[in-house]
Amino acid sequence: EVVTVVDLRRVLGLPSVPCTRSTSNVIIKQGHEQVGLLVDQVAEVITCQSTEIDPLPENLAGIDSCFFSGVIKLQHNLLVVLNVTQSLQALAQPAAA
């Protein structure tokens, strides 16, 4: 099956970097389609319930919060949860002139 791959760095407005051995495609199902998200690396895959997702802390300055739906508290840090729908919609919108 052929899927469209989206560079997540581009979506988030980050500078592009060369692909390395750590670069991965994360395949997600969006509606009736599958989409690949090009990411720098995958450190871990976890399973959680929606009740475990807390709102974004207000002190997360410097990020565009529309791309994220919340955080999950892990033992020693926070995991930011990507809002895939919002991120892909932002990519589809034409750039402001």
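A nonpolar core, as the term is used here, is a set of buried Ala, Val, Leu, Ile, Met, Phe, Trp, Tyr and Cys residues joined through side-chain atoms within 4.5 Å. Keep in mind that this is a predicted model.

**The core**

With that in hand, the largest nonpolar core has 10 residues: Val6, Leu8, Val11, Ile28, Val35, Leu37, Val39, Phe67, Phe68 and Leu88. Strand 3 gives the largest share, 3 residues. As general background, nonpolar side chains in soluble globular proteins tend to be buried together.

Zoom in on one member of that set, valine 35. What does valine 35 touch, once residues up to four places away in sequence are set aside? The list is Thr4, Val6, Val26, Ile27, Ile28, Gln30 and Leu88. Among these, Val6, Ile28 and Leu88 also belong to the core.

**The chain as a whole**

Stepping back, the elements run β-α-β-β-β-β-β-α from the N terminus on. That comes to 2 helices and 6 strands. A few overall numbers for the chain:

| Property of the chain | Value |
|---|---|
| Residues counted as buried, of 97 residues | 18% |
| Contacts between residues 24 or more positions apart, of those with a separation of 6 or more | 34% |
| Accessible surface | about 7,600 Å² |
| Share of the accessible surface on carbon and sulfur atoms | 51% |

Strand 5 (residues 68–73) pairs with strand 6 over 5 bridges, in the antiparallel sense. If you want a spot to check in the viewer, isoleucine 72 has leucine 79 of strand 6 as its bridge partner.

Val26, Val42 and Val45 make a nonpolar surface patch of about 250 Å².

Is valine 42 buried, exposed or partly exposed? Its relative accessible area is 42%. Buried means under 20% and exposed means over 50%, so a value in between counts as partly exposed. Valine 42 is therefore partly exposed. As for where it sits, valine 42 is in the loop between strand 3 and strand 4.

Conventions:
Residues numbered from 1 in each chain as written. Predicted model: local features only at pLDDT ≥ 70, side-chain atom pairs only at ≥ 80, totals over all residues. Heavy atoms only, no water. Buried < 20%, exposed > 50% of the residue type's maximum accessible area, 1.4 Å probe, protein only. Helix = DSSP H or I, 4+ residues; strand = E, 2+ residues; numbered from the N terminus. Contact = heavy atoms within 4.5 Å. Pairing = 2+ DSSP bridges. Patch = residues over 30% accessible without salt bridge, like charges linked within 9 Å, V, L, I, M, F, W, Y side chains within 5 Å. Areas by Shrake-Rupley, 256 points an atom, 1.4 Å probe, with all protein chains shown as cover. Salt bridge = Lys/Arg side-chain N within 4 Å of Asp/Glu carboxyl O.
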